[in-house]
Amino acid sequence: QPRMENTQVYSVKDSNLCPTGTAEVPLAGVYMDKVLSEKDLPVKMVAYGRCFRTEAGAAGAAGKGLYRVHQFTKVEMFVLATPEQSEALHQELIAIEQELFCELGLHFKVLDMPSGDLGAPAYRKFDVEAWMPGLGRYGELSSASNCTDYQARRLNIRYRPSTKTPAAEDDSAAAAAAAGQGKGSSKKGKKPASKG
């Protein structure tokens, strides 16, 4: 996905390196350029990671204090799945988020995001927002995206089907606030598998 002027990514001066904005990036990389057996799917992963974001365009009240910060820690859930597994696993990730926020006693709502609010990787995305008294409004706590085969293709993650099936898909959930992306391509005879 092209980087715009309002990118959320910090750059390291005089290098092509950057600190990661989400734990999704290293999770996706675990299976980069790999071919998985369909019988091994889904693969469910979780990471607890430090994230760095410029929060470009976050001026105003939300840009100060604890809501919009440049360094934070979050839990990332990531699933590699077949297309047939994808929707149910996306719902499972949302259910996990809802259970966590219920146990914390938070007043929250789940939003099925319109296509105009989706990033390039996402086929479908749910945001979970909680009431934030200090802001006087709801604010995003987490999101869960179904990216179908977008990241699998970019990361060249594939699976060998036991029978003829479409390309693998991916579901992604950020149990604190965001989503991510990957890189790769697919090859004939093997189906792309995706991150989630």
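User: Which residue in E3 does Phe 52 stand opposite?
Analyst: Gln 71. This comes from a predicted model.

User: What makes E2 and E3 a pair of strands?
Analyst: Pairing needs at least two bridges. E2 and E3 are joined by 10 and run antiparallel. They therefore pair.

User: Why is strand E3 called largely enclosed by the rest of the structure?
Analyst: E3 covers residues 71-81, and eight of its 11 residues are buried. Hence the description.

User: Where is Glu 38, and why does it count as buried?
Analyst: Glu 38 sits in the loop between strand E1 (35-37) and strand E2 (43-52). Its relative accessibility is 13%, under 20%, so it is buried. A polar atom of its side chain lies 2.6 Å from the backbone nitrogen of Ser 162.

User: What makes Tyr 138 partly exposed?
Analyst: Its relative accessibility is 23%. That falls between 20% and 50%, so the label is partly exposed. Tyr 138 belongs to strand E6 (residues 137-148).

User: How do you know that the side chains of Tyr 138 and His 107 make a polar contact?
Analyst: The distance is 2.7 Å. The cut-off is 3.5 Å, so the pair is within it. Beyond neighbours within four places in sequence, Tyr 138 also contacts other residues, including Phe 108 and Trp 131.

Technical notes. Residues numbered from 1 in each chain as written. Predicted model: local features only at pLDDT ≥ 70, side-chain atom pairs only at ≥ 80, totals over all residues. Heavy atoms only, no water. Helix = DSSP H or I, 4+ residues; strand = E, 2+ residues; numbered from the N terminus. Buried < 20%, exposed > 50% of the residue type's maximum accessible area, 1.4 Å probe, protein only. Polar contact = N/O pair within 3.5 Å; in protein donor to acceptor, adjacent residues only side chain to side chain. Contact = heavy atoms within 4.5 Å.
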